[in-house]
Amino acid sequence: SPGRISNKRVQEAAASAFANLEEKAGTNLQPYCGVILQQFVQCFSKYKDRNMFILYDCVQTLAEHVGPELRNPELINLLMPAILERWAKVSNQSRELFPLLECLSYIAGAMQETFSPFAEPIFHRCILIIRQHIEDTVRASHNPNLILPEKDFLVTSLDLLSALIQALPSARSSALVQSSNPSLFSLIGYCMKDGNLDVRQSAYAILGDCAGYIFPQLQPHLNDLIPILISQLDMNAIEFDGEETRFAVVNNTCWSLGELAMRHREGMRPWVNQILEKLFMILVSGSPDVPGNPPPQLMPNSVLENAAVALGRLGFGCANEIAPHLANIAPLFLASIERIDWTDEKTHALMGFVRVVQANPSGIMGTSLLRLFIQLCDAPTFVGKVEGGEGTESTGFVDVSEVVVVSTPIHSFTLLDTICMAC
């Protein structure tokens with residue numbers, strides 16, 4: 001039992017071995033959560049320094065694998081007092097804050113709405129940590145005698161805020177965001193421009209989560225945030241040097257753009273031409289047939305796929321603006337969208353793209369039209385919800401055995417109609 005050992009080296013070996021066991025056992029650990037957490041609680045009272053870091057890893061690995069099991073009230077009452085005791089002891093300048101914040105992100109993700117009673121002080125402390133980091137950075141930049149603070153304070157705080165926004169009921173997370181001082185969205189905007197790649201990666205991740213979970217609170221700030229987002233899509237700013245983090249940043253940027261496009265709809269029109277140019281260059285960069293492109297293996301498929309999804313989703317509010325460019329974008333869009341498994345995101349992208357086709361039927365011909373037809377015919381029976389700027393509208397691909405129908409309360413048409421218009 002790691003909790004009963006006093007020798008630090010043995011503690012380290014035992015905790016490391018148990019973390020490895022958790023990875024191998026996965027969900028098989030669910031029946032043993034109570035016993036495991038009892039041992040972890042003992043460890044929190046004894047471990048120090050590096051061993052405490054390993055203990056956080058053990059807790060977050062357990063949360064990752066057992067997930068909903070941690071919503072059991074008995075387990076919550078066992079784990080959270082020990083975690084919150086450490087939370088109270090660790091200062092905002094301590095490096096122990098990094099693994100603690102990361103651990104809490106996994107716990108919040110596992111506990112979901114049952115994390116609500118603990119959320120408010122954690123949320124506001126993350127806001128404080130980000131604000132302090134920004135202020136300390138500004139002071140250090142003007143005073144060579146001061147040391148720049150570590151960026152991990154920003155990254156882990158942003159990631160925990162993102163986890164809270166995903167885990168909590170929307171009314172609860174919206175209330176927390178409304179009460180944040182300074183504004184969460186002003187802090188996100190600052191981090192979106194940070195020179196550190198990891199910070200920007202986390203900033204665009206939380207931007208996408210805010211679009212998906214608390215869009216009404218985010219919407220008034222988009223005039224400030226979207227221009228920053230567009231600048232991150234510039235392919236000239238990405239060095240094809242094999243550094244994966246650079247692609248992770250643009251990947252998250254494309255994903256968050258798709259989330260915004262689904263909800264801001266017509267509100268994206270002031271920027272759609274700039275965005276279309278950037279997405280086109282990203283999609284072209286993944287084509288080995290274009291002279292001067294980097295080797296295609298250097299452009300991850302995930303970036304191309306998120307760029308295609310964002311492009312398709314823009315069609316919900318900006319179909320008329322995209323339609324004149326249909327002949328150029330259709331082959332690139334289809335090449336990437338074909339690789340994606342059927343998810344809501346792919347469904348939304350194709351539905352938005354069909355709206356673009358409707359706006360310019362003659363813009364898609366030959367092989368591109370056939371590839372689109374094949375994609376729609378391959379769609380599983382799907383009935384879901386598409387969130388719009390004005391609320392929620394029912395949509396779906398239905399009964400694809402004979403003809404694919406894409407329906408909304410406003411439009412109802414078949415792929416056959418589209419083909420006839422194109423011909």
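## Around E22

Leaving aside neighbours within four places in sequence, E22 is in contact (heavy atoms within 4.5 Å) with L29, F40, C58, T61, L62 and H65. The model is a predicted one, in which local features need a pLDDT of at least 70 and side-chain atom pairs count only at pLDDT 80 or more, while totals for chains, interfaces and linings use all residues. Residues are numbered from 1 along each chain as its sequence is written, and side-chain values use heavy atoms, with hydrogens and water left out.

E22 lies in helix α1; helices (H or I, at least four residues) and strands (E, at least two) are DSSP runs, numbered from the N terminus. E22 counts as buried because its relative accessibility is 0%, where buried means under 20% relative accessible area, exposed over 50%, and partly exposed in between, with a 1.4 Å probe and protein chains only. Between E22 and A63 there are 10.0 Å in space, C-alpha to C-alpha, and 41 residues in sequence.

The structure holds five aromatic pairs, a pair being two rings of Phe, Tyr or Trp (its six-membered ring) with centres within 6.5 Å, whose planes count as stacked when under 30 degrees apart, edge-to-face when over 60 and tilted for the rest. One of them joins F18 and F40 in an edge-to-face arrangement, 5.8 Å centre to centre with 90° between the planes. This pair links distant parts of the chain, with F18 in helix α1 (residues 8–25) and F40 in helix α2 (residues 33–46), 22 residues apart. Both F18 and F40 are buried.

F44 and Y56 form a tilted pair, with 5.9 Å between the centres and 50° between the planes. Here too distant parts of the chain are linked, since F44 belongs to helix α2 and Y56 to helix α3 (residues 49–66), twelve residues apart. F44 counts as buried because its relative accessible area is 7%, and Y56 is buried because its relative accessibility is 0%.

## Charges over rings

Two tryptophan rings also deserve a look. The charged end of R125 sits over the ring of W87, 4.5 Å from its centre, where a charge sits over a ring if NZ of Lys or CZ of Arg is within 6 Å of the ring centre and within 35 degrees of the ring normal. K346 lies over the face of W342, at 4.5 Å from the ring centre.

In soluble globular proteins, nonpolar side chains tend to be buried together. The largest nonpolar core has 134 residues, among which I107, F115, L184 and L218 touch the most other members; such a core is a set of buried Ala, Val, Leu, Ile, Met, Phe, Trp, Tyr and Cys residues joined through side-chain atoms within 4.5 Å. Helix α15 (residues 301–322) gives the most to this core, with eleven residues. Apart from neighbours within four places in sequence, F115 is in contact with M80, L104, I107, A108, I122, L164 and L168.

In helix α16 (residues 326–337), the buried residues include L326, I329, A330, L332, F333, L334, S336 and I337. The buried residues of α16 pack against α14 (272–285), α15, α17 (344–359) and α18 (366–377).

## Backbone exceptions

Most residues other than glycine have a negative phi, and most peptide bonds are trans. The peptide bond from N181 to P182 is cis, with omega near 5°, and P182 has its place in the loop between α8 (170–178) and α9.

D49, found in helix α3, has a positive phi near 50° although it is a residue other than glycine, and D49 is exposed because its relative accessible area is 57%. R265, in the loop between α13 (244–264) and α14, has a positive phi of about 45° and is not a glycine; R265 counts as buried because its relative accessible area is 8%.

## The whole chain and its confidence

The protein chain has 19 helices and four strands, and of its 423 residues, 53% count as buried. Among contacts with a separation of 6 or more, 72% are between residues 24 or more positions apart.

The mean pLDDT, the predictor's confidence in each residue from 0 to 100, is 86 for the protein chain, and 83% of the residues score at least 70. Confidence is lowest in strand β2 (residues 391–398), at a mean of 38, and highest in helix α9 (residues 184–192), at 98. Over residues 382–414 the pLDDT is below 50, and this stretch has 77 contacts in the model beyond near neighbours in sequence.
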